Structures are given as C-alpha cells and as structure tokens.
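Welcome! Here is a short briefing to read alongside the structure below.

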Amino acid sequence: MKDLFDPWMILAYIFPAYATNGAPVLFVRLSKNTHPLDRRALFFDGKRILGDGKTLEGLISGLAAGILSGFIISSLQAFLYRSFLEFVLLSIGAAVGDIFGSFIKRRIGIKRGGAAPLLDQLGFLFFSITTAWSIMGPPSWVNELSIIFLIFLTFFLHLGTNAAAYLIGLKEKWY
Ligand code: CTP
Ligand code: MG
C-alpha cells in the first residue's frame, strides 16, 4: 500500500472527527432550547457531571455531521476508509472523547468553558483514533510522521477554528 506521507489524505481521513467536534458550536447556537446530557445532575464531588457545554443537541448534530462528512469524503475518495464503520467509529470516538474531556475538567474544578490546554485540543482526537484503530487496526498508510502531523494539525486547527468562531461571534471564548 501507499507509504508516502500525504497531508491531504490525513486531513480527509480525520475530517469526520473534526466535524463531530465543530458542528455543535453552530447547531447549538441555532437551537431554541437545549438539553444538557447530564440532566443537570451533580457528581459525588458536588460538581456537575458534565456541565451545560455538553448537550443532547450537540451530541446528535456532531455525530450527524461527522457521519455525513464521512459518506461525502468516501464518495470522493474511494478506499480512504476501509468501510463506513471506520468514519462512524472516528465520529463516535470524537464525541465520546469530548464528553469525557468535560467530565475530567469538572472533576479537577475547571468550569464549563474554562481552558484545559492540550485536553481541549487533542482529547477528542486521541479518543477518535483509539476507538477506530482498536477495532479496525491503524490504516496501512499510517506511519509515525503521519501521527505527528495529525497531532500538530489538530492542535493548531482547533485553536484557529475556535479563534475564528470567537471573532464571528459564535463562541464566547477564543480558545
Ligand atoms: N456543545 C454541545 N454539546 C456537545 C458538544 C458541544 O452543546 N456534546 C456545544 C456547547 O454549546 C459548547 C460548544 O459546543 O459550549 C463548544 O464545545 P466545547 O468547547 O467542547 O464546550 P465548552 O463550553 O468549552 O465546555 P467544557 O468546559 O465542558 O469543555
Ligand atoms: Mg471549550
């Protein structure tokens, strides 16, 4: 198989995880009322389990955007994904990782929307790829360089897109 380092291929491959992570910011803005996933319940430590930043509407719109983008990308680039299961797992992993990140943030006392450097930018990526690759194995074309590129790409794209969302008034915080 292909063993060349191809940044566009890596971006296309991981895009469903980005869509899952980014779509809620937009959709939740457009929704009239939202339903927090934790139903406002508190954990044993007296703090919210997840907080108001994780909603049912965000989860559903994120998964829908991730899976839809996966179908579009695979129709444009045959053989990028081994089966539709791969981008579904990438999307589910990204959504679960984002939720788990909020769980950890609440436990260590960071309020909803507060910054958790690295966890905010890379937690969803880590969950996304480990979910997909623990079930399907890594794609044959992935090498160390592609993983390093993926980490840097995700880190800077996350910061860049969040700053852009802040500038156009979609987000309250720039990070
Ligand atoms: N969002 C949502 N449901 C999700 C994920 C995201 O409603 N499952 C929306 C929320 O409006 C959230 C925004 O997308 O504020 C940005 O997501 P994120 O940065 O992950 O949430 P934060 O508000 O920063 O909350 P936390 O501190 O828990 O990460
Ligand atoms: Mg945030």
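Start with R82: at 39% relative accessibility it counts as partly exposed (buried means under 20% relative accessible area, exposed over 50%, partly exposed in between, with a 1.4 Å probe and protein chains only). This is a predicted model, in which local features need pLDDT of at least 70 and side-chain atom pairs count only at pLDDT 80 or more, while totals for chains, interfaces and linings use all residues. Residues are numbered from 1 along each chain as its sequence is written, chains are lettered from A and ligands numbered from 1 in the order in which they are written, and side-chain values use heavy atoms, leaving out hydrogens and water.

**Salt bridges**

- R82 forms a salt bridge with E86, and their closest N and O atoms are 2.8 Å apart (a salt bridge is a side-chain nitrogen of Lys or Arg within 4 Å of a carboxyl oxygen of Asp or Glu).
- E86 is buried, with a relative accessible area of 0%.
- The structure holds 7 salt bridges, including one between D45 and R107 at 2.6 Å, N to O.
- D45 sits in the loop between α1 (7–30) and α2, and R107 in helix α3, so this pair ties together parts that are 62 residues apart in sequence.
- R48 and D52 also meet in a salt bridge, at 2.9 Å from N to O, and D38 joins these two in a network of salt bridges.

**Helix α3 and its ends**

- Helix α3 covers residues 84–107 (helices are DSSP runs of H or I, at least four residues, numbered from the N terminus).
- At 1.5 Å a residue, its 24 residues should span 34 Å, and the end C-alpha atoms are 35 Å apart, which agrees (the expected span is 1.5 Å times one less than the number of residues).
- S83 caps the N-terminal end of α3, with a side-chain oxygen 3.0 Å from the backbone nitrogen of L85.
- Just after α3, G109 takes a positive phi of about 90°.

- S61 is in helix α2 (residues 56–76), and at 10% relative accessibility S61 counts as buried.
- Leaving aside neighbours within four places in sequence, S61 is in contact with A23, P24 and F27 (contact means heavy atoms within 4.5 Å).
- S146 lies in helix α5, and at 4% relative accessibility S146 counts as buried.
- Not counting residues up to four places away in sequence, S146 touches F5, I10 and W141.

Methods. Helix = DSSP H or I, 4+ residues; strand = E, 2+ residues; numbered from the N terminus. Polar contact = N/O pair within 3.5 Å; in protein donor to acceptor, adjacent residues only side chain to side chain.
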